[in-house]
Structure formats: structure tokens, C-alpha cells
Amino acid sequence: MMRLPLFEFRAPQTVLEAVRILDGEGPKAMPLAGGTDLLPNMKRRQQVPKALMSLNHIPELHQKTLSDSGSRLGACLTLSEIAADAGFRNGMTALAQAASFVATPQIRNMATLGGNLCLDTRCNYYDQNYEWRKAIGFCLKKDGDTCWVAPSSSKCMAVSSTDTAPALMALGARVRLVSRLGEREVPLTELYQNDGIHYIKRRPNELLTEVLLDSLRGWKSAYWKLRRRGSFDFPVLSVAAAAKLSGTGVVEAARIVVGSVACLPLVAREASELLVGRPLNQGTIAEAAALAARIAKPLDNTDFDMTWRKRVTAEFVTYALRELRGEDMRGERLLLTRHSSSL
Amino acid sequence: MPERKESTKVSQVADSRSQGEDLRVIGVPRRRVDGRAKVTGQTRFADDIFLPRTAHCKLLRSPHPHARIRKIDTSRALAHPGVYLVLTGKDLPMQYGILPVSQDEQALCVNHVRHVGDPVAAVIAREELTAFEALDLIDVDYEILTTISDPEQALATPEPRIHEYGEEGNIHKFVALEFGNVEQGVAEADEIFEDTFFYQGSTHLPIEQHASVAIKDPDGKLTIWSSTQTPHYLHRALAKVLEMPPAHIRVIATPNGGGFGGKSDPFNHEIVVAKAALLLDRPVKICLTREEVFYCHRGRHPVLMKFRTGVKKDGTITGMHLRTLIDGGAYGSYGVASTYYAGALQTTTYHIPRYRYEGCRTFTNKPPCGPKRGHGTPQPRFGQEVQLDKIAEKLKMDPADLRLRILESPNAVTANFLRLGTVNLTECIRRVVRVSDWKNKFRKLPEGHGVGIACSAYLTGAGLPIYWNKMPHSGVQLKFDRGGGVSIFCGATEIGQGSDDVLASIVAEVLGIDPFDVRLFTGDTDLGPVDLGSYSSRVTLMAGNAALQAAERGKALLAEAVALKCEVPKERLRFADKRVFDSAAPDKGVSFPEAVCLAEARFGTIGTVGSYTPPESPARYKGGGVGPSPTYSYTAAVVEVQVHPVTGWVHVPKVCIAHDIGRALNPTLARGQVEGSVYMGLGEALMEEQEFRRLPQRLSHALVHKFPSLLEYKSPTSLDMPEVVTELVEDPDPRGPFGAKEVGQGPLLPIMPAVANAVYDAVGVRIDEVPITPEKVMKALADKKAGREPRFGPDHFPHINWPEALRVPPPWEGGDGNAVNDVHREKPRAVKEKVLAP
């Protein structure tokens with residue numbers, strides 16, 4: 001079987017203690033939350049940290065405050081907790097759906113919100129074990145100098161595969177990053193960047209401690225995930241949509257985010273802006289879907305044929321918007337995702 | 001005890017059945033005998049074996065698809081702290097392989113690597129991590145050779161040869177057989193159909209990765225525990241490669257966490273840990289990674305095939321010509337048999353008066369293909385059943401009715417000289433038509449919804465062993481304890497299919513005891529007599545018949561002793577409810593333990609044996625050794641699909657399947673096998689692919705498995721499983737124990753073509769290949785919309801220089817099972833002489 005490399009293990013009790021460790025160890029230390037992504041990656045030698053710092057013993061990372069005026073979610077809330085808590089409904093439905101579609105029940109019991117937001121980007125040429133990567137001469141993201149997805153590219157094209165980030169971006173979330181020298185709040189839309197290697201702007205000495213949400217009164221949201229099977233799989237296309245609707249059904253504000261088609265989740269700005277001031281009727285939805293699909297440029301580095309992924313993007317945006325409009329989409333959900341519940 | 005003759009064996013089976021009006025164990029849905037251990041996590045798989053002083057083994061594998069090894073330097077690895085031993089090919093040079101005709105493997109490659117993942121060296125160290133790290137310290141100097149990535153390239157590239165044997169160039173095996181003049185048959189047809197299909201390769205994906213532990217016994221002998229389906233064949237391979245007397249080798253097949261054919265070859269890692277344990281005199285263990293399991297492979301061959309079939313207006317088939325081009329991968333494995341199997345079973349379902357088969361297996365630089373559930377037959381079955389759907393449409397017939405008209409008869413001898421047993425395909429079709437509401441659904445559902453039907457047949461055990469011999473295929477010993485316990489000793493291997501339960505239930509039924517009163521010692525070459533292994537759906541019939549014979553012999557001894565004691569004619573004694581009693585006066589009798597004591601007092605220690613040898617096959621031509629079986633199972637399935645008109649997404653809400661099983665010994669397990677087959681069939685139909693990537697030539701030009709992982713090799717999850725309605729059709733076949741036929745493989749076969757036929761019913765596009773993925777459906781839908789042929793599939797079958805076919809006149813043309821033009825045989829085979837399996 002595959003064995004973990006040797007590493008030092010630290011288990012701080014407070015955030016302060018944790019950020020001191022990160023500061024002292026430098027980039028060779030990595031925070032360990034659920035470990036569902038990091039530990040398999042270490043077995044494949046994609047990451048070989050000198051030290052792992054468990055976040056499991058820091059009570060404040062497990063806290064959550066849900067209220068009408070805004071919410072704070074500790075980074076170590078498990079995805080199971082988020083999926084099961086009826087507090088994550090109405091405005092936050094997209095987040096609950098995203099959390100409930102991650103991997104498998106066993107993994108969701110361990111995996112955390114913060115971990116999913118920081119999830120390493122994925123690629124068919126990178127998420128392989130050491131011997132496989134050695135056989136192709138490695139790749140740009142780790143130990144090599146060629147991006148096999150786009151051999152002429154100087155940039156790594158690994159794909160953002162987090163489910164919760166598109167959902168939280170659609171909800172306008174911010175994250176708190178704490179280091180020994182202070183802390184900062186960053187809108188989630190500014191946390192990521194278009195580079196498969198340096199996909200996140202969190203500095204190695206910073207700890208993502210919580211997710212902050214403003215009031216979502218009057219908002220509705222939905223998350224659609226494309227994958228081969230009803231469980232296990234990472235998304236190969238994800239659509240999160242959130243809208244604030246007036247009493248007459250006119251869109252007052254909206255955000256559409258398309259995930260898993262680039263190194264970062266993409267905000268579909270034109271499509272989002274188009275919706276504002278219009279009712280969510282069939283014509284509007286079709287226009288917005290076409291605009292949103294235009295930004296999706298999937299590459300051949302995930303499951304499924306890339307042209308097919310591109311072609312179904314508009315379809316998935318349509319479903320998300322129709323769900324926001326209040327249509328019963330359980331039939332499509334069951335057919336295409338094996339899940340009948342829209343939460 | 002003298003071996004009984006074949007004829008008495010058959011009548012003995014009939015006796016058991018006639019007494020079996022009141023069966024207490026057989027046919028009753030029961031908890032399996034090994035169920036408690038499995039669900040409580042106490043089953044000891046090979047990787048659960050922990051022995052003191054164990055050293056761990058890792059294999060260095062080739063990073064190149066095709067290369068010569070110039071030099072291997074192991075000195076740095078040997079010097080690494082914690083490393084005990086480094087082995088290379090020169091330590092284990094002897095060639096081996098599962099088939100006598102393809103002894104083309106070496107435990108560690110000596111000078112030629114043939115696929116990414118071919119092992120070249122082994123490190124044995126105190127810790128598994130140390131062994132892994134030391135792999136990077138082995139320096140191998142490779143000379144890169146041209147990579148052959150697919151069969152068409154293999155045909156076009158005779159040099160460099162992947163192997164120095166075979167037909168020519170990189171063609172491993174040609175098969176060319178003709179049973180009657182097919183051209184004449186086709187000329188008599190009203191309609192001629194020509195279709196090309198492609199069936200993608202897939203792997204077994206057992207949840208348990210292969211693992212082995214070997215030790216040198218205190219007396220210097222070798223013991224190896226391994227997740228293998230075929231301990232007897234592993235035993236032979238170890239004796240050959242290690243150059244040890246077989247008597248000094250003990251192979252224990254641990255319960256397999258799934259096999260599906262993927263653990264049927266002797267494997268390099270098994271030989272390596274055995275050698276290392278002998279050299280180090282300490283236990284040596286290996287547990288493969290999932291990626292390494294993909295490199296062991298031996299899975300479904302990718303097959304390109306072309307069917308040319310002539311039919312009359314009423315659907316009668318006048319002749320069929322099948323050609324296959326088979327991607328064998330880097331080694332022979334079972335491939336010669338697979339090549340024959342791809343053409344063997346077409347004749348077993350529908351009457352085909354004239355039949356021609358040409359098959360070509362090529363070597364390529366990929367992990368070797370071999371036997372996966374259905375061995376060699378799902379690919380042509382897919383083509384045959386989809387083509388039949390096209391034929392039915394052209395003839396304006398319901399495809400279920402068409403099949404009912406052309407079915408082959410029970411006990412028939414087919415054009416290629418396969419002798420059938422019971423055939424209840426008629427009943428299977430009627431049942432699935434009824435339970436699926438076929439008549440109200442076929443061509444009547446709304447756009448996007450559809451149903452499809454397909455049928456199949458499969459062997460109940462290969463009629464010939466893998467190496468030529470006249471000995472039984474299965475043996476069972478029973479030991480009777482004074483306390484009433486009965487111990488079963490048999491080489492049969494539990495791979496999850498329920499082989500232990502089959503043995504226990506048959507013995508318990510005959511002796512009137514509870515299956516839980518039986519102890520099993522199976523899969524151990526030292527303890528039990530040989531059973532050839534858990535492959536070809538042979539265990540229920542063959543080990544079952546051997547167990548039946550042993551139990552009947554024990555019963556006879558007990559009956560004689562009890563008859564004397566109770567003064568009852570022994571013919572009147574009945575064995576049931578752990579008692580032996582007078583069937584005319586049930587109070588009069590003794591307990592089963594007393595019966596054993598009486599028998600032991602009279603005859604001495606009570607132990608009996610039973611064995612089974614399949615009947616002679618009427619096929620006497622070269623290659624006629626592949627296909628014969630004591631009897632065949634039959635299956636019909638109706639699959640319902642929903643196809644999304646925009647994305648091409650295929651969803652399967654329901655599968656109805658009827659299986660002609662003869663008799664279900666334990667209906668709970670039989671249904672599990674049927675549902676498991678549906679599951680695996682849907683995986684192959686919709687998503688599974690053993691896919692490879694060729695990187696650009698100017699860069700590494702590697703040919704690697706696209707994604708050898710349990711996450712990215714897509715196999716359905718429980719959420720992707722439809723509702724399955726299983727109908728067991730029970731008409732006991734006198735050739736099987738209590739009438740049982742196989743159920744482990746046959747029910748897989750109709751699923752893939754039934755899905756393809758249902759997709760056509762739903763949206764009117766033909767997907768002539770598997771897997772049927774949404775992008776293929778979407779492309780075909782676009783073609784349909786644009787007025788082009790609404791089809792996705794291969795567009796050509798390449799030219800191949802086929803050898804002259806062996807001509808074997810079918811039975812109705814006066815044939816005797818021999819070829820009339822076999823220049824390599826001086827005289828036709830005599831009736832009594834068996835035909836060698838390839």
C-alpha cells in the first residue's frame with residue numbers, strides 16, 4: 001500500500017499558538033483539518049510537509065453563529081454539520097447543497113469548510129501517485145517543467161475543484177485570515193487567482209479561521225454539480241447562483257459563479273448584471289445562461305470530454321436559475337445528479 | 001475407495017434429486033456460512049496476516065512502455081539502511097504464464113520491459129516506507145523502443161516485436177474456424193446485415209488489492225498466503241520458477257475481497273515474495289497499491305468486431321461471419337483462450353446453421369488483458385444482440401418475439417460442436433417481458449424514455465483444464481467427527497461468490513445436518529484435494545458434484561451402520577434434522593452423532609472422497625477445447641433508460657432480469673450474484689474504461705494508464721444502481737448438483753447490449769460501442785438532427801491477412817467434430833481422446 005512520508009506533528013490549542021507555529025516553521029508546515037485531501041496527496045508525494053499542524057483542538061474554529069443579520073462559520077465545521085443543519089437553508093441553500101455533494105458521507109464527516117475552500121487544485125496529470133508522475137517526467141505543478149494539459153503553457157492549468165467556494169462566492173462571503181502579525185478579511189472572490197500552482201492568496205503563515213456572511217434576508221440560492229456518479233466525484237462543472245428577488249419576482253441583486261472550469265471559480269459578472277431589474281423568466285434565464293457559459297473554458301484535465309463539459313454549462317446555469325425562480329427541479333436533479341432533494 | 005464410472009455418477013445425482021422432494025437446506029434462502037466473519041470484519045484477508053519479523057516488499061516498475069534494460073545497478077539501494085534484499089530479473093529468470101502455450105512472463109523483467117508498470121526489481125526492507133524510498137536508489141539504464149499502442153499499430157508494426165513468439169510480428173494469435181459454408185448460408189438469406197462494433201476494455205476493480213505473505217517453514221518448505229482465485233495454478237507456477245519440488249510448496253488462497261477474474265493468473269509479486277522469504281528466512285509481505293492492481297490487470301480485452309449475418313424474412317439466421325481484432329496488452333495471460341472464447345458462444349443462444357469465426361489478438365505495450373467476468377464473451381455478445389435489435393427493426397418484428405423464434409434447443413449440439421444442457425431461455429424471455437411490461441413500453445414510451453432487451457448464455461465450468469491431464473477437475477474429502485461435525489477439505493477458493501457455502505449446503509443437505517455444523521478447509525493446496533480454481537463459473541457444478549459424491553458415500557456408510565443397529569432396511573432410512581431415522585416410523589432412529597459413532601465402530605475412521613470430471617466434448621478440432629461445458633446458463637434482461645435530450649445523459653431507472661440457473665442452492669446468494677452482474681454490466685455499459693494516454697512524441701511520448709485510481713476509474717456507486725427485478729428460472733439440470741447451473745457470470749452479459757438497445761428505443765440513435773457516454777449520445781443526436789446517420793461507433797474493420805480457416809462440417813452436414821483440412825494433424829482425433837485446451 002502507499003505509505004505516508006514521515007512528518008512532525010503539532011497540535012496547538014489556540015489560534016494564537018497555531019499561527020506562531022506557522023510563523024516559526026515557515027512554508028514547510030501545513031495545517032491539517034479533516035485531512036481528506038492532504039493525507040492522500042502526501043501518500044502520492046504531491047505535498048511533503050515537514051510538519052503537520054492539527055487544527056482539531058482549537059475550539060474557536062468549530063464555532064458557528066447563524067443570524068438574520070449575518071453569520072460566522074468556523075473553518076473547522078465539518079461538511080456533514082453544514083449539510084445537516086437546517087439553519088443553512090433559504091439564503092444559504094447553495095452552501096448546504098455544495099457541502100452535501102462533496103465526496104462521500106465518510107469523507108464529509110471528516111472534511112471541513114476551511115479545508116474545502118483551500119482545496120488543492122486538481123489535474124489528471126497531477127493527482128497521480130509518485131511512480132505514475134515519474135513515468136511521464138512529472139509536471140509543472142510538481143517536480144516537472146511541462147504542463148501536460150497545455151504543453152506550450154508557462155502556467156499550470158490545474159482545476160479549482162472546491163464545491164463550497166463557488167457557493168460561498170455566490171453568497172458574497174468573506175474569509176478571515178489570521179497570522180502572527182495580525183489579521184485581514186478578504187472577500188472570497190479575491191482569495192483565488194488564475195494559476196494552478198499559486199491558486200490561493202493565503203500566505204503560508206496565515207490561517208483561514210472563519211467564513212463571514214452578511215445578511216441574506218430575501219436571497220435565494222442554488223448549487224448544481226456535474227460529475228459522473230452520484231457520489232465520490234469532484235465536480236467537473238459547478239454552478240452556484242444566488243439572487244435577491246422583489247415581491248413581484250424582479251431580480252434586485254444576483255451572483256452567478258461557474259466553478260471547476262478554470263484554476264479558480266469564475267464570477268459570471270455579465271450574466272449576473274443582466275439579471276438585475278428583470279424578472280426571472282425563460283428569456284432572461286436563457287440570455288444569462290448563454291453569457292455565463294461563455295466564460296467556461298474547460299480543458300482536458302478532468303473526467304469527461306471537455307467539449308461536452310463546455311456544452312452543458314449553459315444547461316446547468318439554466319437549471320440553477322429555474323430553481324431560484326421556484327420551479328420544481330427534482331426530476332432533473334435525479335436524472336443528472338442522482339439526488340432528488342433540492343434541500 | 002475406487003473411482004466410480006461417469007454413468008453411475010450421473011444416476012447418483014438423479015437419486016439425490018428424487019429424494020430431494022423435501023429439501024431442508026438446498027433452495028432455502030440462508031445466511032451464508034462465512035457471513036458472520038465478513039460482516040464483523042473478522043475474515044482474514046491476505047493483508048490481515050501479521051507475522052513476527054515480517055519484511056516488506058515493494059516493486060520497482062518500468063516508467064517506459066517499451067524498452068530494453070541495458071543495465072541495472074542496485075548497489076545504492078542495497079546500502080540504504082533497513083534494506084534487506086534487492087532482487088532483479090536474473091534472480092528469477094524462469095518463464096511462466098497461466099497457459100502452457102504462453103509461458104511469456106518473468107517475475108522481474110530480465111532485459112525487456114513491455115508496459116509502464118512492468119516490474120524490474122524488488123526491494124525487501126524492514127519497513128514498507130523504507131522499501132518505497134529505496135526504489136528511487138535503483139539505477140536502471142533503458143534503451144527506448146518503439147511503443148505499440150493499439151492493435152492497428154501492432155498490425156502495421158511487425159518490428160520491434162513485443163515478444164519473440166506468436167504468429168508473426170506483433171500478432172499473438174490467429175483463430176480461423178468455419179463450420180459449414182457461410183458464404184452459401186448468407187447467399188440464401190433475404191437480408192444481410194453488416195455491423196462493426198467496438199467494446200472498450202475495462203478492469204475488474206476488486207475492492208481488495210492483491211496481497212501475499214510468504215514464509216520459509218521451520219522445515220525449509222515454503223508457505224504462501226495470497227489473494228488468488230487459482231491456488232493450484234499458482235502452486236504449479238511457483239514450483240516451476242523457484243525450481244522446487246511441488247511437495248515443498250504450500251499455497252493458501254485467503255478469502256478474496258473480490259476477484260472477477262483479476263486474480264486468476266500466477267503473479268510476479270507472488271513469486272517475488274516467495275523467493276525473498278526463502279532467501280531471507282523471514283516472512284515477506286506485499287500489498288499492492290491500487291495503481292499496481294491496474295498494472296496486474298488481466299481485464300476485459302478491447303475488441304473491434306465485425307458481424308456479417310444473413311437472415312430470412314421470418315428471422316431465421318442462415319449464416320453468421322464474425323471477425324474480431326483484440327488488444328491483448330503486453331503478455332499472453334489467458335489471451336489465447338480469450339481469442340477462442342470471443343467466437344465460441346455465439347451459437348449457444350440462437351440456432352446458427354453455418355458459422356465462421358476469425359479472431360486476431362495482438363500484443364501492445366499496455367498491461368496484459370485476460371479473463372474478466374464473462375471471459376471473452378461479453379464483447380461479441382454485445383455486437384450480436386445489438387445487431388439482432390437492428391435485424392428485428394428491419395424485419396418489423398418485436399425483438400423479444402424474434403428471439404423466441406430462433407432459440408437453440410435443449411441438449412442440442414451446435415454448429416461448433418458445443419453440447420448444450422437444459423435451455424430455458426424461452427421462459428427467461430417470457431418472464432422479463434412480463435415483469436417489465438415490455439409490450440406496453442417497447443416503441444411506445446415518450447421521447448427520451450426507452451426499453452431494450454438482450455439475451456445471453458454462459459458456461460457452467462470450462463470443460464477442459466488449463467493444462468492437459470486426465471485427472472478430476474475437482475476433489476472433496478470429508479472427515480466425520482464423533483461429535484457429529486463434518487469437515488470439508490477442498491481446493492475450491494472463496495472469492496466472495498459463496499463457494500464455501502455451496503460446499504457446506506450440499507454436504508449438509510445430503511447428511512441431514514445444518515450447514516453451520518460443517519467446518520471448511522478450502523483453498524489450501526496442502527489440506528485439500530485439487531480444485532482447479534474459482535474461474536469459468538465452475539465451482540458450483542464441479543466442486544459441488546464432488547462434494548455430493550463424497551457426502552453420498554459417507555451417507556451410505558452411516559446408513560449401513562444405523563440400519564443394522566435399528567433393524568430397518570437402509571433404503572428406508574432418512575437423514576434430516578440432524579437425525580437418521582426410519583422414514584416409515586420417524587421416531588425410530590438415532591441422532592447424527594450416534595450414526596457417526598455406529599459407523600466408526602463398524603468401519604473404522606470415517607472419511608470419504610468425491611471427485612468430478614466433466615463429460616467428453618464432441619468438439620475434436622483444434623481449438624475445440626474452448627467453449628465446451630457440462631451445461632450452460634441462460635439469461636434475458638430488459639433495461640429501461642431515460643436519455644436527456646440536450647446533454648445525452650443516460651440514466652437507468654430499472655433493470656428486469658431472468659436467469660436460468662437450474663436450481664438456486666442458496667437463493668439469497670444467487671440473487672446477489674445476479675444483482676452484482678447487473679451492477680458490473682452497467683459500469684461497462686455506461687462508464688468504465690481502461691484508457692491510456694499517449695503523450696506528445698517530442699516530449700516524453702509515454703503511454704500511460706489515463707487514471708489508475710479507484711476515484712477516477714469510474715465505476716458506479718450504490719446511488720447509480722437502478723431498481724433490479726430478479727427472476728430465477730429453476731428447472732434442475734441433471735448435470736449439476738441438485739440441478740444447479742452457474743450464476744456468477746452469465747447475468748452480466750445481456751446488460752450492455754440491452755442498454756444500447758434501450759437508448760435506441762428512447763432517442764433513435766445507435767451507439768455501437770461501449771461505454772455509452774453522454775458525449776457520444778450527444779454527437780449521435782446532433783447527427784440525427786442534421787439528417788446524418790444517427791450512430792456513434794467504429795467506421796471500419798482493418799484488413800488482416802487471415803490464415804486459411806479450419807473447416808469443420810457442422811453435425812447436420814455429417815461432421816464428426818474434426819476439421820477436414822487440418823494439415824497439422826495426421827489423423828482425426830479419436831472419440832476417446834480429449835482435445836487440449838490452448
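Modeller: A residue is called buried if 20 or more other C-beta atoms lie within 10 Å of its own, exposed if 12 or fewer do, and partly exposed in between, with C-beta atoms placed from the backbone. By that count, 54% of the 343 residues of chain A are buried. The model is predicted, with local features requiring pLDDT of at least 70 and side-chain atom pairs pLDDT 80 or more, while totals for chains, interfaces and linings use all residues. Residues are numbered from 1 along each chain as its sequence is written, and chains are lettered from A and ligands numbered from 1 in the order in which they are written.

Helices (H or I, at least four residues) and strands (E, at least two) are DSSP runs numbered from the N terminus. Directly after the helix, Gly604(B) adopts a positive phi of about 85°.

Within α17(B), the buried residues are Phe592(B), Ala595(B), Val596(B), Cys597(B), Leu598(B) and Ala599(B). These buried residues pack against α16, β17 (474–480), β21 (579–582) and β22 (589–591) of chain B. Packing is judged by contact, meaning C-beta atoms, placed from the backbone, within 7 Å.

A nonpolar core is a set of buried Ala, Val, Leu, Ile, Met, Phe, Trp, Tyr and Cys residues joined through C-beta atoms within 7 Å. The largest has 355 residues, and the members touching the most others are Ile488(B), Leu503(B), Val507(B), Val755(B) and Val759(B). Beyond its neighbours within four places in sequence, Ile488(B) has contacts that include Val476(B), Leu478(B), Leu503(B), Val507(B) and Ala547(B). A separate core of six residues includes Ile148(B), Ile162(B), Ala330(B) and Tyr331(B).

As to the wider setting, domain bounds come from an automatic or database domain assignment, which gives chain B domain 1 (6–30 + 472–612), domain 2 (46–145 + 204–296) and domain 3 (303–464 + 621–792). The C-alpha centres of domains 1 and 2 of chain B are 39 Å apart, and 14 residues of domain 1 are in contact with 17 residues of domain 2. Between the chains, 35 residues of chain B are in contact with 27 residues of chain A.

Technical notes
Two residues are in contact if their C-beta atoms, placed from the backbone, lie within 7 Å.
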